[in-house]
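Reader: I have a structure to look at and would like to understand the words used to describe it. Could you go through them with me?

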Amino acid sequence: MKFVSKLGAIVFTSVAMTVASERPNIVFIFSDDHALEAISAYGDRFDQISPTPNIDRIAKEGMLFERSYCGNSICGPSRATILTGKHSHMNGFMDNNFSRFDGNQPTFPKMLQKAGYETAVIGKWHLISNPTGFDYWEVLPDQGSYYNPDFIQMDGSKKRFAGYVTDLVVDKSLDWLKNRKNKEKPFVLMTQQKAPHRNWLPAERHMKLFNEIAIPEPETLFDDYKNRIDAVAKQKMSIEKDFHWSHDMLLPGRATDPRFADGMNDNEYGRMNDAQKKAFKEAYGKENQALIDQLAKGMSDKEVTRWKYQRYMKNYLRCIRGVDENIGRLLEYIDESGLAENTIVIYASDQGFYLGEHGWYDKRWMFEESLSMPFIIRWPGVVKSGVRTKTMIQNIDYAPTFLELAGATIPDDIQGKSLVPVLKNQGKAPSDWRSAIYYEYSGEYTHHVAAHDGVRNDRYKLMRFPDTDEWMLFDLENDPQEMKNVVAKKEYETVLKDMQSLYGSLRKQYQVTSSTFPDQRWNQKWWKDRWDEKNKEANTPAAEKAKIVFLGDSITQAWEDTGKEAWDKNFAPLGALNWGFSGDRTEHLIWRLQNGDIQRVNPEVAVLLIGTNNTGHDQRPAEETVGGIKRTLDDLAWKWPDTKIILMSVFPRGSTQEDPLRKINTQINEQVKALADGKRVHLLDINKRFLDDDGNLSKEIFPDLLHLSPAAYDTWAVALSSKLKELGVE
Ligand code: CA
């Protein structure tokens with residue numbers, strides 16, 4: 001730089017500014033649970049009402065992806081995947097029941113900020129922790145409300161706004177666009193709707209829309225769930241059985257009519273003001289009364305299901321009309337303000353949804369309706385009008401796409417691929433593009449859909465259900481509605497073999513093993529209690545001062561009893577925290593680190609000892625356990641970037657070197673050496689101190705040949721203390 005003259009520097013700056021201004025803005029319009037079928041550009045079931053003229057306009061002026069999929073078909077996980085470019089098991093947000101997004105991890109908004117973009121997210125967020133990486137954010141708490149919703153403000157406070165949520169999200173988005181301080185900066189705006197998520201409350205102006213229309217039913221509305229595994233019949237997301245009269249069907253609840261008291265009321269009604277309540281009663285009252293009269297006369301189960309389907313679909317489509325109208329407002333502003341030329345507009349939704357197919361509402365399954373995500377993109381000057389492509393994309397691809405658009409580097413650990421080459425090539429995939437996608441759903445107590453994962457290529461779909469060790473294979477060409485599991489059919493023997501091999505290779509590519517797939521043990525009360533207690537402890541001023549944190553299983557946990565004397569003497573003065581959980585394997589520690597409310601803790605050193613239960617519980621291959629340890633170290637690298645790690649070799653177990661479990665641990669210890677760089681990660685192997693010259697372990701030292709005696713804790717404490725000194729921690 002010292003050669004650059006004053007003039008040169010000026011030229012350099014102006015070039016940089018030109019480049020910056022050429023980088024496109026991104027308006028990412030996102031909704032919740034919008035099925036492809038309910039977008040006219042995708043499906044034709046609702047052609048009589050054309051629910052989405054403005055979304056269709058984006059498709060007409062840009063590109064529509066026909067094969068666009070999520071990696072995990074639920075709200076929070078899809079969002080976490082979009083932010084990180086990684087599958088759920090890697091970003092830690094596995095489900096909506098237990099997960100908490102760790103906003104310390106690398107995300108595309110943070111990287112875009114670094115690349116000079118202004119970033120904003122407005123609307124539904126649903127990741128428990130507050131947004132990070134955004135210059136501006138204003139988000140709905142949890143699922144948010146349709147009527148007079150609260151928004152969490154950037155100072156953490158909640159503020160209530162009068163009106164309908166879909167309108168408010170776009171009002172706020174327009175305000176942000178109009179009032180940006182730094183208008184020469186490129187920007188990304190994520191404008192994220194709650195609609196059309198359950199329980200489908202339309203805006204007042206749409207409450208009577210489609211009243212005169214009979215919505216066509218899907219062919220599989222009365223699916224009998226034959227020819228597939230039992231799990232398909234066991235879900236609780238059926239229109240017939242699982243809709244709540246008050247919450248989902250908007251009939252009078254507990255308080256007003258005991259016939260419809262089924263445990264889940266519509267909370268939206270309570271939020272409405274008098275005028276809104278009046279509109280609601282006017283819109284639904286008559287139809288509700290007609291149903292009540294009809295029920296009194298007698299209705300068959302099928303007739304009731306059909307009634308429910310109509311009510312559900314009309315409200316769902318009314319909510320979508322609200323989304324679409326507001327997209328119209330956004331597009332209009334983008335056009336009028338002159339932003340259009342250099343602004344990419346995307347419409348997507350976090351996953352698909354069942355609109356009566358298989359008799360269902362909701363999502364979760366790897367079946368097409370919920371696996372698919374709408375993805376429509378307008379990029380003036382680059383993408384031609386009206387392009388439709390079959391190139392297979394997934395929500396792991398969005399982050400790398402945005403990074404490439406911003407001219408930022410795409411980190412190696414991002415699992416998706418940038419779509420920029422596909423966009424520039426009018427939908428045609430580069431020769432090395434994927435030919436299959438991987439999917440994972442870890443199971444939630446909501447709706448009782450069994451955990452499963454699987455792969456889909458052009459023609460076939462394979463799903464695996466680990467709890468029952470069952471598989472389902474579908475031939476999407478011959479059976480697009482996925483009504484026949486052909487896994488046991490002779491004529492599909494070769495296909496099955498190929499698909500299972502594809503399943504294996506994609507799991508390997510995405511680092512999915514039992515040892516890396518985060519898992520909690522909440523079904524064990526003591527574990528959950530300990531987890532709660534540790535989270536509480538992590539939120540104290542004392543925890544902020546902890547210089548050292550111990551991570552591990554029962555061997556670490558037992559510093560609290562067997563090793564207490566040594567602990568009190570050596571580590572208590574450093575404010576040490578014990579995060580050992582008896583019986584934990586690598587996947588449990590990974591889960592704890594991902595989901596812990598531990599942001600205040602930032603130790604100088606972490607001591608990591610994990611893996612012997614991977615060996616002991618089911619004799620996992622050493623390579624797999626080392627993958628789990630590596631994964632833990634990788635996560636710690638962004639979680640605690642300045643923390644040094646003392647990586648303990650897994651302690652010996654069994655009396656001799658010939659013990660089969662000892663042998664596996666020995667292999668683990670050979671392989672973990674490669675993970676220690678001597679800078680951040682420091683290996684400490686003290687196993688010899690516990691063994692005699694022949695490698696035998698005595699019960700005096702490890703009483704059950706697995707856990708340490710008090711004397712062995714002393715030995716470990718001495719070795720650790722000297723290592724800590726070496727690292728300058730005293
Ligand atoms: Ca959703």
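Reader: What makes the crossing of helix 6 and helix 11 right-handed?

Author: Helix 6 passes helix 11 in a right-handed crossing, a term used when the near helix is turned clockwise from the far one by less than a right angle, left-handed being the anticlockwise case. This is a predicted model, in which local features need pLDDT of at least 70, side-chain atom pairs count only at pLDDT 80 or more, and totals for chains, interfaces and linings use all residues. Residues are numbered from 1 along each chain as its sequence is written, and side-chain values use heavy atoms, with hydrogens and water left out.

Reader: Why is helix 6 called roughly parallel to helix 11?

Author: The axes of helix 6 (residues 165-178) and helix 11 (residues 301-336) come within 9 Å and cross at roughly 15 degrees. Angles under 35 degrees count as roughly parallel, and therefore helix 6 is described as roughly parallel to helix 11.

Reader: Which residues coordinate the calcium ion?

Author: The donors, which are N, O and S atoms within 3.2 Å for Ca, come from Asp 32, Asp 33, Cys 75, Asp 350 and Gln 351, at 2.2 to 2.9 Å. Asp 32 lies in the loop between strand 1 (25-31) and helix 2 (53-60), and Asp 350 in the loop between strand 9 (343-349) and helix 12 (368-371), so the pair ties together parts 318 residues apart in sequence.

Reader: How do you know whether Asp 32 is buried or exposed?

Author: Buried means under 20% relative accessible area and exposed over 50%, with partly exposed in between (1.4 Å probe, protein chains only). Asp 32 has a relative accessible area of 0%, so Asp 32 is buried.

Notes
Axes are lines fitted to C-alpha atoms, for helices over the stretch in contact, and angles run from 0 to 180 degrees between N-to-C directions. Helices (H or I, at least four residues) and strands (E, at least two) are DSSP runs, numbered from the N terminus. Angles under 35 degrees count as roughly parallel, over 145 as roughly antiparallel, 65 to 115 as roughly perpendicular and the rest as oblique. Donors are N, O and S atoms within 2.8 Å of the metal (3.2 Å for Na, K and Ca); water is not among the atoms, so sites may look incomplete.
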